Amino acid sequence: MNVKMLVVQGRPAGKSLSFPRGEYYFGRGTECHIRPNSDWVSRQHCLLRVTSEGAYLRDLGSRNGTLVNGVLLECERLLTHGDQIQIGPLVFEVEYEDAPTPAHAGVPTVPAPLPADPTSSHAVPSEPNAEDTTSAADITLAQPPPLDPSSVETAVHNYPAEDEVS
């Protein structure tokens, strides 16, 4: 199964990333596969797992959270075709490329343990289209060095109190 994530908000808007089976870390850290260039994104922000059953997304205790269809992700969730994922200022739309949408998509699942080796595979950008005029992307695709699972951030979401929100 392959999953495609189309950038619908942020740069490079209109680009899509294709994810074959595997596990992919999103964050600013050098150990991450997808590195958005934004202070709104934590060093290890979230984890995308693509399996034969579907694509699962889990927040890794990021400071600003990960949203699926505008709702804060609190545990690992099976994604469905058309879901919108917000990671910092970026919004992606999920597309299943070669399999039907799972029937149980959108249902929260029990958090899985962190993988031991996030470098087993890497995201592959799709072919650029002729309308793409971006010269520098705000997203870096990388095959990071091996990650020590104990180094992954485990901080709790830090949201301002209601009286601190302007």
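**Aromatic core, strand pairing and charge pairs**

In this predicted model, Phe26 is buried, with a relative accessible area of 1%. Phe26 lies in strand 3, which spans residues 22-26. Two ring partners of Phe26 were identified. With Phe19, Phe26 forms a tilted aromatic pair. The ring centres of Phe19 and Phe26 are 6.0 Å apart, and their planes make an angle of 35°. This angle falls between the limits of 30 and 60 degrees, which is why the pair counts as tilted. Phe19 is buried, as is Phe26. With Phe92, Phe26 forms an edge-to-face pair. Here the centres are 6.1 Å apart and the planes are at 80°. An angle over 60 degrees counts as edge-to-face. In total, the structure holds 3 aromatic pairs. Ring pairs also bring in Tyr24, giving a cluster of Phe19, Tyr24, Phe26 and Phe92.

The protein has 13 strands and 0 helices. Read along the sequence, the pattern is β-β-β-β-β-β-β-β-β-β-β-β-β. The protein has 166 residues, of which 44% count as buried. Contacts were also examined by sequence separation. Among those between residues at least 6 apart, 57% join residues at least 24 apart. The accessible surface comes to about 8600 Å². Carbon and sulfur atoms account for 51% of that surface.

Strand 1 has two pairing partners described here. Strand 1 covers residues 3-9 and strand 2 covers residues 16-19. These two strands run antiparallel and are joined by 4 bridges. Within this pairing, Leu6 faces Ser16 of strand 2. Strands 1 and 2 form a hairpin, with 6 residues between them. The turn includes Gly10, whose phi is positive at about 105°. The loop between strand 1 and strand 2 also contains Pro12. The peptide bond from Arg11 to Pro12 is cis, with omega near 0°. Most peptide bonds are trans. The other partner is strand 11, residues 90-96. Strand 1 pairs with strand 11 in the antiparallel sense, over 6 bridges. Lys4 stands opposite Glu95 of strand 11.

A search of the whole structure gave 2 salt bridges. One joins Lys4 to Glu97, with the closest N and O atoms 3.6 Å apart. Lys4 belongs to strand 1, whereas Glu97 belongs to the loop between strand 11 and strand 12 (124-125), so the pair ties together parts 93 residues apart in sequence. Lys4 is partly exposed, at 22% relative accessible area. Glu97 is partly exposed as well, at 36%.

Arg49 lies in strand 5, residues 46-50. Glu76 lies in the loop between strand 8 (71-72) and strand 9 (77-78). The two residues are 27 apart, and the pair links distant parts of the chain. Arg49 counts as buried because its relative accessibility of 16% is under the 20% cut-off. Glu76 is buried, with a relative accessible area of 2%. Arg49 has a further contact of interest. The charged end of Arg49 sits over the ring of Tyr56, 4.8 Å from the ring centre.

Asn69 has a positive phi of about 55° although it is not a glycine. Most residues other than glycine have a negative phi. Asn69 is found in the loop between strand 7 (66-68) and strand 8. Asn69 is partly exposed, with a relative accessible area of 40%.

Note on methods
Residues are numbered from 1 along each chain as its sequence is written. This is a predicted model: local features need pLDDT of at least 70, side-chain atom pairs count only at pLDDT 80 or more; totals for chains, interfaces and linings use all residues. Side-chain values use heavy atoms; hydrogens and water are left out. Two strands pair if DSSP finds at least two bridges between them. Buried means under 20% relative accessible area, exposed over 50%, partly exposed in between (1.4 Å probe, protein chains only). Contact means heavy atoms within 4.5 Å. Accessible areas come from the Shrake-Rupley method with a 1.4 Å probe; for residues, only the protein chains shown count as cover. A salt bridge is a side-chain nitrogen of Lys or Arg within 4 Å of a carboxyl oxygen of Asp or Glu. Rings of Phe, Tyr and Trp (its six-membered ring) pair if their centres lie within 6.5 Å; planes under 30 degrees apart count as stacked, over 60 as edge-to-face and the rest as tilted. A charge sits over a ring if NZ of Lys or CZ of Arg is within 6 Å of the ring centre and within 35 degrees of the ring normal.
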